[in-house]
Amino acid sequence: MRYLHTMVRVADVDASLDFYCNKLGLKEVRRHTNENGRFTLIFLAAPGDERAADERAPLLELTYNWDPEDYKGGRNFGHLAYEVDDIYATCQTLMDKGVVINRPPRDGNMAFIKSPDGISIELLQKGERKVPAEPWLSMPNTGSW
């Protein structure tokens with residue numbers, strides 16, 4: 001058995017690709033459109049994950065159903081998790097791009113953000129946690145994560 005992908009439903013392809021690709025930094029690796037089924041699948045990979053290119057996994061699958069649906073309760077899904085080289089720099093870059101840091105990396109190790117569809121995304125520091133530092137140390141939680 002091997003892990004292939006995680007699927008999340010999205011309501012707006014453009015907003016989702018802006019978030020996952022332009023802000024979070026994932027790369028689109030393939031796309032499948034099914035006109036009869038009225039859906040589009042977009043597969044994304046972390047830019048430094050060589051397994052995604054070699055093995056076509058692990059990937060994030062964005063599923064866009066052409067007929068409108070109201071996706072509530074994204075937190076019921078749980079969360080996606082990505083390891084980052086520098087938790088503080090990543091969070092600052094995301095904030096500079098307008099992303100709310102719902103759970104700041106006060107511990108130098110973990111932060112949470114949300115996609116436009118309410119999917120929680122955990123960011124984890126690669127290797128050893130960073131020394132707790134401002135402004136993160138005193139930054140409060142915002143909303144749910």
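Is Cys 21 buried or exposed, and with what relative accessible area? Cys 21 is buried, with a relative accessible area of 17%; buried means under 20% relative accessible area, exposed over 50%, and partly exposed in between (1.4 Å probe, protein chains only).

The model shown in these views is predicted: local features need pLDDT of at least 70, side-chain atom pairs count only at pLDDT 80 or more, and totals for chains, interfaces and linings use all residues. Residues are numbered from 1 along each chain as its sequence is written, and side-chain values use heavy atoms, with hydrogens and water left out.

**View 1. Helix H1 and its buried side.** Helix H1 spans residues 13-23; helices (H or I, at least four residues) and strands (E, at least two) are DSSP runs, numbered from the N terminus. Buried in H1 are Val 13, Ser 16, Leu 17, Phe 19, Tyr 20 and Cys 21. These residues lie on the same side of H1, because they cover an arc of only 165° around the axis, the arc being that of the directions from the helix axis to the C-beta atoms. An α-helix has 3.6 residues a turn, so residues three or four places apart point the same way. At the start of H1, the backbone nitrogen of Asp 14 has a side-chain oxygen of Asp 12 within 3.0 Å. Just after H1, Gly 25 has a positive phi of about 95°.

View 2. A disulfide is a covalent bond between the sulfur atoms of two cysteines. Counting as a disulfide any pair of cysteine sulfur atoms within 2.5 Å, the structure holds 0 disulfides. Cys 21 is in no disulfide, and its nearest cysteine sulfur, that of Cys 91, is 19 Å away. Cys 91 is likewise in no disulfide. Cys 91 is buried, with a relative accessible area of 0%.

View 3. Strand S4 (residues 59-65) has 6 of its 7 residues buried, so it is largely enclosed by the rest of the structure. Strands pair here if DSSP finds at least two bridges between them. Strand S1 (residues 5-9) runs parallel to S4 and is joined to it by 5 bridges; Thr 6 has Leu 60 of S4 as its bridge partner. Strand S3 (residues 39-45) is antiparallel to S4, with 6 bridges, and Phe 39 has Asn 65 of S4 as its bridge partner. Val 8 lies in S1 and counts as buried at 3% relative accessibility. From Val 8 to Val 131, the C-alpha to C-alpha distance is 33 Å, across 123 residues in sequence.

**View 4. The hairpin of S2 and S3.** Strand S2 (residues 27-34) pairs with S3 in the antiparallel sense over 7 bridges. Arg 31 stands opposite Ile 42 in S3. The hairpin has 4 residues between the strands, and Arg 38 is found in this loop between S2 and S3. Phi of Arg 38 is near 60°, a positive value in a residue other than glycine. At 36% relative accessibility, Arg 38 counts as partly exposed.

**View 5. The nonpolar cores.** A nonpolar core is a set of buried Ala, Val, Leu, Ile, Met, Phe, Trp, Tyr and Cys residues joined through side-chain atoms within 4.5 Å. The largest has 29 residues, and Tyr 20 and Leu 123 have the most contacts inside it. Elements giving two or more residues to this core include H1, S3, S4, helix H3 (87-96) and strand S7 (120-125). H1 gives the most to this core, with 5 residues. A second, separate core has 5 residues, including Leu 41, Phe 43, Ala 45 and Ala 52. With neighbours within four places in sequence left aside, Leu 123 is in contact (heavy atoms within 4.5 Å) with residues including Leu 24, Tyr 82, Cys 91, Leu 94 and Met 110.

View 6. Most residues other than glycine have a negative phi, and most peptide bonds are trans. Arg 56, in the loop between H2 and S4, is not a glycine but has a positive phi of about 60°. Pro 58 is placed in the loop between helix H2 (50-55) and S4; the peptide bond from Ala 57 to Pro 58 is cis, with omega near -5°. Glu 134 and Pro 135 are also joined by a cis peptide bond, with omega about 5°. Pro 135 lies in the segment after S7.

Terms used:
A polar contact is a pair of N or O atoms within 3.5 Å; within protein, one must be able to donate a hydrogen and the other to accept it, and residues adjacent in sequence count only if both atoms are side-chain atoms.
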